[in-house]
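Colleague: I am new to this model and would like to learn how to read it. Could we take one feature at a time?

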Amino acid sequence: MSVYDGEEHGRFMEKLETRIRNHDREIEKMCNFHYQGFVDSITELLKVRGEAQKLKNQVTDTNRKLQHEGKELVIAMEELKHCRLQQRNISATVDKLMLCLPVLEMYSKLRDQMKTKRHYPALKTLEHLEHTYLPQVSHYRFCKVMVDNIPKLREEIKDVSMSDLKDFLESIRKHSDKIGETAMKQAQQQRNLDNIILQQPRIGSKRKPKKDAYTIFDTEIGSTSPKSEQDSGILDVEDEEDDEEVPGAQDLVDFSPVYRCLHIYSVLGARETFENYYRKQRRKQARLVLQPPSNMHETLDGYRKYFNQIVGFFVVEDHILHTTQGLVNRAYIDELWEMALSKTIAALRTHSSYCSDPNLVLDLKNLIVLFADTLQVYGFPVNQLFDMLLEIRDQYSETLLKKWSGIFRNILDSDNYSPIPVTSEEIYKKVVGQFPFQDTELEKQPFPKKFPFSEFVPKVYNQIKEFIYACLKFSEDLHLSSTEVDDMIRKSTNLLLTRTLSSSLQNVIKRKNIGLTELVQIIINTTHLEKSCKYLEEFITNITNVLPETVHTTKLYGTTTFKDARHAAEEEIYTNLNQKIDQFLQLADYDWMTGDLGNKASDYLVDLIAFLRSTFAVFTHLPGKVAQTACMSACKHLATSLMQLLLEAEVRQLTLGALQQFNLDVRECEQFARSGPVPGFQEDTLQLAFIDLRQLLDLFLQWDWSTYLADYGQPTCKYLRVNPVTALTLLEKMKDTSRKNNMFAQFRKNERDKQKLIDTVAKQLRGLISSHHS
């Protein structure tokens, strides 16, 4: 721009023109130099154009041919393009399906689990489906349907699991007795094993391990066994009595329905609802189980089934307590057990009171002990049951007493009341082995010989021992001390002796048709039984190991029982003898108006004396005082009866001849008394029974009124035993019959003197009577 502004512009233009001319000359030189080459090139280009045309034609022809030939290829390429598009679409579809397939598979798995009632796994699958798989494909419509269906599925799982639980509870209720039976068998086996170990601590070191109380068939929470679920918790176990080992109580039960339902409700946030429902249903079942059947007391099986159901119920609850967290708690279990204990004890009190068979009561006691021991293994307090057993013990004693009353009655009724004959040493040892008897003199005697007692002695003695054994059986397994057992046995045995046996003996003694021989044998028998009481004391001491010297030890009252029975038999002998005497006296047929003097005793009295002789001959084995008392009592009763016969109001008149006959009969009685029918009386002691009759008869037969009236009231009076009232009564009977008396023959010429004499004596007698009363 500076060129245009200055004065150099013209010069610059000149220089520029010069420069252009120079370049033009160079270009011309260059063109001239390359012109020939240019012409050659043009020539070549023209040639090339011709060749290019030919090439074009060839190319066109080739293209036509190529188009014709490549038409199929184009079609194939289009097809390839379409295929590749499809392939790309398929690949995209596969990718999408790969995302959807797990969802569908999980849903299919869910349906299968629902169909097979695997509810807890189904719930887990549902959770995975909802939280893991469905969010990845949530934009698909079928996923939205699934999402909408999930609450319904949860509710369905909840309902179905609850239905399974209901089935389980119903099945448990029906099978409680089977569960309880198995648990009680286990307890029995364990107790037997413990007893064997206690008895033989060094023998049999090999021992089968005890089953865990909480071992069950299937405790895996996620169990998917279709069989266990279909069985609703009860497994099919064969009841084989010959099995060496009884399966565990919980081995019979599959608790998976409970666990599954518990977990399902826990996952669904409704655990409290489930717990309340479970406890409510089990309380209802407990009340049903504790309701005993009305005929339970009739058989032991009734009690066994009742106990089995209760044990089965609490075995299940105890297992639930230890294998679940909080479904049931200790307070709930204790509450149920308190209710069960009170109801069970009340039911047993009521139904056991109907039992009249001691064997059934004993079996019931053993069953209650097994029931208590079984529940004690599971931690339930059972002291009240053992306290109740002490009540049942009293009832057992009563049933035993009733049973033994029948046994004693049969023994006493079937006895022949004759000494036991012994024909050989073997029989002798057998009897001595049954009853503690020692008699050196009897042992020395040759066979055959007789024991002094009859068969009821060893039988009664052995039955008393059997009663003691029966009492001992009840005390087993009651956890009582030996002193308590001893006291129980002694008190029961005392009741047996003082009430049952005493009553049986009294009934036999008071029997109408019992004879004197039987009564005599009863006295002999009770004497030997009384002596055996010390051996019964030793027998009880041996089985209880409590010495009789121990403080508060109850003594047996057997001695008193047998003494009372013996005294009753003695009194019955006296009464029986008197009745026999009365029967003979009823045969007396005196002719009170006879004038003939007899020369022999009356036939009835001769027979009576013969009877008394034969009777007292049987009394040789009786204690001396008993025989003497019986003989004295018989003589006194005979004398009194004869006196009454003489003075009875029906005899209004009698003759001296009748008195003479009566005197012969009294002499016969006195002769019997002098003969000593029973040893041990001193001199004429027995004759004193007839002294009143003798003095009265002598007074009338000797007509010794002067002596009687003169000496009356003096200790040395010859007719001291003659009562003036008696004498006056008899004298009145002779007033009108004196004429027939030979003794008054000398007065026949003067009847008035005779009558005057009698009237005088009668008057004096009346005076004595009146002075005596005053």
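Modeller: Start with Arg499, which counts as partly exposed because its relative accessibility is 39%. The cut-offs are under 20% relative accessible area for buried and over 50% for exposed, with partly exposed in between (1.4 Å probe, protein chains only). The model is predicted, so local features need pLDDT of at least 70 and side-chain atom pairs pLDDT 80 or more, while totals for chains, interfaces and linings use all residues. Residues are numbered from 1 along each chain as its sequence is written, and side-chain values use heavy atoms, without hydrogens or water.

Colleague: Which side chain meets that of Arg499 in a salt bridge?

Modeller: The general idea is that side chains of opposite charge can pair when their charged atoms come close. Here the partner of Arg499 is Glu398, at 2.7 Å from N to O. Glu398 belongs to helix α12 and Arg499 to helix α16 (residues 482–509), so this pair ties together parts 101 residues apart in sequence. At 32% relative accessibility, Glu398 is partly exposed. A salt bridge here is a side-chain nitrogen of Lys or Arg within 4 Å of a carboxyl oxygen of Asp or Glu. Helices (H or I, at least four residues) and strands (E, at least two) are DSSP runs, numbered from the N terminus.

Colleague: How many salt bridges does that rule give?

Modeller: The count comes to 23. One of them joins Glu732 and Arg766, whose closest N and O atoms are 2.6 Å apart. Glu732 sits in helix α25 (residues 724–733) and Arg766 in helix α26 (residues 751–773), so the pair ties together parts 34 residues apart in sequence. Glu732 is partly exposed at 29% relative accessible area, and Arg766 is partly exposed at 39%.

Colleague: What separates Asp334 and Arg330 within helix α10?

Modeller: About one helical turn, because the two are 4 residues apart in α10 (residues 330–352).

Colleague: Next, helix packing. At what angle do α2 and α3 pack?

Modeller: Two packed helices are described by the angle between their axes and the distance between the axes. For α2 and helix α3 (residues 119–133), the angle is about 160° and the axes are 9 Å apart. That is why α2 and α3 are roughly antiparallel. Their crossing is left-handed. The axes are lines fitted to C-alpha atoms, for helices over the stretch in contact, with angles from 0 to 180 degrees between N-to-C directions. Under 35 degrees counts as roughly parallel, over 145 as roughly antiparallel, 65 to 115 as roughly perpendicular, and the rest as oblique. Left-handed means that the near helix is turned anticlockwise from the far one by less than a right angle; clockwise is right-handed.

Colleague: At what angle does α3 cross α4?

Modeller: At roughly 165°, and the axes of α3 and helix α4 (residues 141–174) come within 10 Å. The two are therefore roughly antiparallel. The crossing of α3 past α4 is left-handed.

Colleague: What residues does α2 span, and is Met98 in it buried or exposed?

Modeller: Helix α2 covers residues 9–115, and Met98 lies in it. With 52% relative accessibility, Met98 counts as exposed.

Colleague: And the backbone: what is the phi of Tyr417?

Modeller: Most residues other than glycine have a negative phi, and most peptide bonds are trans. Tyr417 has a positive phi, near 50°, and is not a glycine. Tyr417 lies in the loop between α12 (383–414) and β1 (421–422), and is buried at 4% relative accessible area. Trp703 is also not a glycine and has a positive phi of about 50°. Its loop runs between α23 (691–702) and α24 (705–711), and Trp703 is buried, with a relative accessible area of 15%.

Colleague: Where is a cis peptide bond found?

Modeller: Between Phe447 and Pro448, with omega about -5°. Pro448 is in the loop between α14 (440–444) and β2 (449–450).
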